[in-house]
Amino acid sequence: MYKKQLRFQKFVCLFCIIAAGISFVYALGIITDIYDSLYPTMMNPNDPTETMVPGSIIYYDMQNFNKLYVNASIGLILLGCLLFLTNTNSRRKYYIGNYVATALYALASLALVVWSHVQISAFKVQYLTTVDFEALQSFSQMWNTTYTTSTFWLDVHYVVAVISVLAVAALVVNCVWKIQLMRGENELLAARKEAVG
């Protein structure tokens, strides 16, 4: 049983790093479509209100969120590395450092999922309700720029969120499994001592 659990915990810790990495890569590309289609409509980068397409200011509105999302994803990757630094991936018995690393990653990952979902959902609504798509289509035809009404990259956050939640769930399952095995082992050792004594 211990061998299965040890293999599982290695997989889980690696999965957590991968999930954090996916979040980071997604954060880097989330506003690709918005940049390609709306940034060229800005007549004066120093004054986002000077635009050929009403509503294109969303590109600027998303900048602070995007920077925070990238930085938070980097932080999550570092917390994933903490799982390896505390040997959570290979330790037969867990100590306080392992529980702390597990809790920090799980809480940070879930917080990032909730925060990003709220932000991205609000930006999706803003994009769909404030951008003048007729003006964007006219601008695109005139200047041969990208035209899209797609919210694909905003919607991808659901996939990223599911992967992150699965990583956290696996981490929690691993921790509970580890606790049960350690408790069982301690009970066996206690029973052996009583039998010898």
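Predicted model: local features only at pLDDT ≥ 70, side-chain atom pairs only at ≥ 80, totals over all residues.

Residues are numbered from 1 along each chain as its sequence is written, and side-chain values use heavy atoms, with hydrogens and water left out.

## Helix α3

Helices here are DSSP runs of H or I with at least four residues, numbered from the N terminus. Helix α3 covers residues 58-85, which is 28 residues, and it reaches 40 Å from its first C-alpha to its last, close to the 40 Å expected at 1.5 Å a residue; the expected span is 1.5 Å times one less than the number of residues. At N64 the helix α3 bends by about 30°, where the bend is the angle between axes fitted to the seven residues ending at a residue and the seven starting there.

N64, by contrast, is exposed, with a relative accessible area of 55%.

Two packed helices are described by the angle between their axes and the distance between the axes. The axes are lines fitted to C-alpha atoms, for helices over the stretch in contact, and the angles run from 0 to 180 degrees between N-to-C directions.

| Helix pair | Axis angle | Axis distance |
|---|---|---|
| α1 and α4 | roughly 25° | within 12 Å |
| α3 and α4 | about 165° | 10 Å |
| α1 and α3 | roughly 165° | within 8 Å |

The orientation words follow from the angle: under 35 degrees counts as roughly parallel, over 145 as roughly antiparallel, 65 to 115 as roughly perpendicular, and the rest as oblique. The axes of α3 and α4 pack at an angle of about 165°, and that makes α3 roughly antiparallel to α4. Helix α1 (residues 2-29) and helix α4 (residues 96-130) cross at roughly 25°, and these two helices are therefore roughly parallel to each other.

A crossing is left-handed if the near helix is turned anticlockwise from the far one by less than a right angle, and right-handed if clockwise. By this convention α1 passes α4 in a left-handed crossing, and the crossing of α3 and α4 is left-handed as well.

Contact means heavy atoms within 4.5 Å. Between α1 and α4, the residues C16, A19, A20, S23 and Y26 of α1 meet Y105, L112 and I120 of α4. For the remaining pair, the axes of α1 and α3 cross at roughly 165°, which makes α1 roughly antiparallel to α3. Their contact is made by residues including C13, L14, C16, I17 and A20 of α1, and N66, Y69, V70, S73 and I74 of α3.

## Two buried residues

Y105 is found in helix α4 and is buried, with a relative accessible area of 0%. Not counting residues up to four places away in sequence, Y105 touches C16, A19, A20, L76, L79, G80, L83, V168 and L171.

C13 lies in helix α1 and is likewise buried, with a relative accessible area of 0%. Under the same exclusion of residues up to four places away in sequence, C13 touches L83, F84, T88 and N89. The C-alpha atoms of C13 and Y105 are separated by 10 Å, although these residues are 92 residues apart along the chain.

## Positive phi angles

Most residues other than glycine have a negative phi, and most peptide bonds are trans. N87 has a positive phi of about 60° although it is not a glycine; N87 is placed in the loop between α3 and α4 and is partly exposed, with a relative accessible area of 32%. In N144, also a residue other than glycine, phi is positive and near 55°. N144 is placed in the loop between α5 (133-143) and α6 (152-155), and N144 is exposed, with a relative accessible area of 73%.

How values were computed. Buried < 20%, exposed > 50% of the residue type's maximum accessible area, 1.4 Å probe, protein only.
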